[in-house]
Amino acid sequence: MKYLSKSITEIHNALLNNEVTPLELVKAAIELAKNDTSNAFEYICEKEALEKVNNLDPNLKDSLFYGVPVVIKDNFSTKDIPTCGSSNILNGYVPIFSSEVVLRLEKAGAIIIGKTTLDELAMGGRGTTGHKGITYNPWDKSHTHLIGGSSCGSAAAISAGIVPFAIGSDTGDSVRKPANNAGLVGLKPTWGRISRFGLFPFATSLDHVAYFTRNVVDSAIALNVLAGRDDKDASSSFKEVEDYTKGIDDSIKDKKIAVIKEIVNSVSDKDVIKAFNDSVEGLRKAGAIVEEVSMDIKLLKAIYPTYIIISCAEATSNNANLDGIKFGAREPGESFEEVMINTRTKGFSTLIKRRFVIGSYSLLRENADELFIRAQKCRRLIVNAFTEVLKEYDAIYCPAAPGVAPLISGSGESLSDEYLIADNYLAFANMSGMPSITLPIGFKGGLPFGANLTSKIFDESNLLNIAYNLEKVTGLKDLVAKEEK
Amino acid sequence: MKTITKEILREAATKLMFKLTEEELDQLVKEFDIIVKQMELIGEIPGVDEVEPMTFPFECAVNYLREDVATKPVDRDEILKNAKDVVDGQIRLPKVVG
């Protein structure tokens with residue numbers, strides 16, 4: 001099935017021209033999902049997808065998502081479809097409602113063919129901590145490199161050519177980092193642009209709905225479907241929704257782009273720097289004014305610890321409802337306290353428990369001033385610094401990560417500039433709510449790597465326009481990891 | 001800030017309603033060592049304690065009140081479908097009073 005590797009528009013045209021039917025597309029996607037070797041799936045919705053596609057409303061056929069198979073990260077509620085957040089504590093949980101993004105995709109005619117793996121409850125960046133084990137990177141047949149997380153299964157499913165669109169969530173960089181590792185376009189729109197109703201909350205002030213496509217136009221097409229006010233999510237914005245495809249291919253002549261010198265300098269991989277510098281030259285040739293801007297390195301190094309403290313603290317209260325009593329896996333006990341303790345002890349993995357303790361400890365009255373409150377104050381300084389840059393510029397442009405997908409065997413934890421800045425700075429866009437997009441700019445050893453553009457809040461049209469022109473500069477789009485024959 | 005000990009972390013875990021193994025506690029102590037060092041970086045930032053804490057990404061006044069329209073709530077039996085032990089429309093737990 002050649003169509004599943006195509007763009008959403010190409011699939012749509014093939015459907016309109018009767019080259020393929022929605023049923024054939026869905027059956028092929030399900031077959032590929034069943035043969036997936038990346039551990040990308042929590043649940044394959046075979047029965048549900050076939051029922052939906054057989055009852056697809058033909059009046060929707062002008063919708064670009066009509067009959068398009070998609071996957072959803074398993075921390076989004078899907079009515080009557082098991083949803084566990086890749087955590088044992090939610091084994092067997094079947095939501096009685098669907099998240100808003102699922103409803104909007106279905107209303108547009110998309111067919112959900114699977115729920116994808118994640119780092120347990122979206123708390124992790126490596127794609128290794130879900131209860132089904134490591135999710136592998138389809139670009140790396142030796143299974144030695146990460147795909148990254150937490151939206152690991154969604155990234156794997158789209159880069160393996162199973163579907164052309166995948167929903168994820170992004171609290172620190174959980175879509176934009178795997179996009180770097182998988183040669184994908186990963187967009188996290190402005191906080192409030194897409195409803196979070198039905199997304200399992202991790203850190204409420206940082207959580208965003210985000211998603212993967214294989215090119216920038218598809219990203220704009222998806223935003224047209226997903227953006228907009230939803231009364232079920234009090235934090236969703238009333239701001240008018242634009243047609244994000246309109247003007248996407250306009251010239252970027254005289255658009256001003258800032259490159260943060262200290263972020264680029266924290267990357268040691270010369271091949272990444274060369275590809276990045278080449279792309280900067282390409283943007284200049286396209287008419288953009290690209291300038292180097294300096295930022296306080298202490299602030300940049302503070303992004304990661306600030307993120308850890310705030311996200312762990314918020315996660316502690318957001319996950320207090322997981323006790324096995326009202327829903328989820330329940331362990332026996334002599335008292336209700338024992339039921340909860342046994343359920344939570346057995347249901348959460350060691351990483352999650354450690355993160356909850358970090359959060360709880362940061363919130364203790366005697367520690368809060370030096371940990372949680374200080375992190376919130378630092379967040380303001382970080383956001384102010386990036387906002388200041390964007391007063392002068394249309395976008396900030398930097399490498400998305402230190403390089404290609406890291407080794408699964410590496411620990412990833414350190415106090416180096418490369419780890420604290422290059423590997424973790426993307427969380428600034430979660431702290432500020434700014435729209436942020438990662439897209440591929442090069443390959444090394446057969447593995448892709450990317451760069452990131454971030455713009456002012458609710459400035460998605462401008463961001464997508466610059467991203468589209470960057471994609472033209474690199475020529476890297478519609479990438480799919482092929483199976484070795 | 002309190003000095004981080006295994007005992008303090010065990011107490012924090014108890015409040016969170018789960019148990020940690022000795023191995024998990026050892027790992028956590030090491031992890032805290034890094035976090036404290038990272039947080040010291042924050043403490044060095046000039047003016048960090050002179051700004052207001054930021055709780056959300058940007059100021060967004062929410063003056064929205066929905067219309068008071070009666071709607072059908074979710075059916076009780078639907079909600080209880082996910083509970084493991086239900087009797088007569090209620091979730092059964094171990095006896096509290098002997």
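Q: How many bridges join strand 5 of chain A to strand 10 of chain A, and in which sense do the two strands run?

A: Two strands pair if DSSP finds at least two bridges between them. In this predicted model, strand 5 (residues 185-188) and strand 10 (residues 436-444) of chain A run antiparallel and are joined by three bridges. Within strand 10 of chain A, A:I437 stands opposite A:L187. Helices (H or I, at least four residues) and strands (E, at least two) are DSSP runs, numbered from the N terminus. Residues are numbered from 1 along each chain as its sequence is written, and chains are lettered from A and ligands from 1 in the order in which they are written. Local features need pLDDT of at least 70 and side-chain atom pairs count only at pLDDT 80 or more, while totals for chains, interfaces and linings use all residues.

Q: In what order do the strands of the sheet lie?

A: Eleven strands of chain A form an open sheet with mixed pairing, in the order 1-3-2-4-6-5-10-11-9-7-8. Strand 1 (41-44) and strand 8 (289-293) of chain A are the edge strands, each pairing on one side only.

Q: Is strand 6 of chain A mostly covered or mostly uncovered?

A: A residue is buried if 20 or more other C-beta atoms lie within 10 Å of its own, exposed if 12 or fewer, and partly exposed in between, with C-beta atoms placed from the backbone. In a regular strand the side chains alternate between the two faces of the sheet. Strand 6 (residues 208-213) of chain A is mostly covered, six of its six residues being buried. A:H208, A:A210 and A:F212 lie on one side, and A:V209, A:Y211 and A:T213 on the other. Strand 6 of chain A also pairs with strand 4 (residues 166-170) of chain A, in the antiparallel sense over five bridges; there A:Y211 is the bridge partner of A:I167.

Q: How many residues of chain A are in contact with chain B?

A: Two residues are in contact if their C-beta atoms, placed from the backbone, lie within 7 Å. Here 59 residues of chain A are in contact with 47 residues of chain B. Helix 14 of chain A gives the largest share of the side of chain A that touches chain B, ten residues.

Q: Which residues meet where helix 1 of chain B contacts helix 2 of chain B?

A: B:K6, B:L9 and B:R10 in helix 1 of chain B meet B:L25, B:L28 and B:V29 in helix 2 of chain B.
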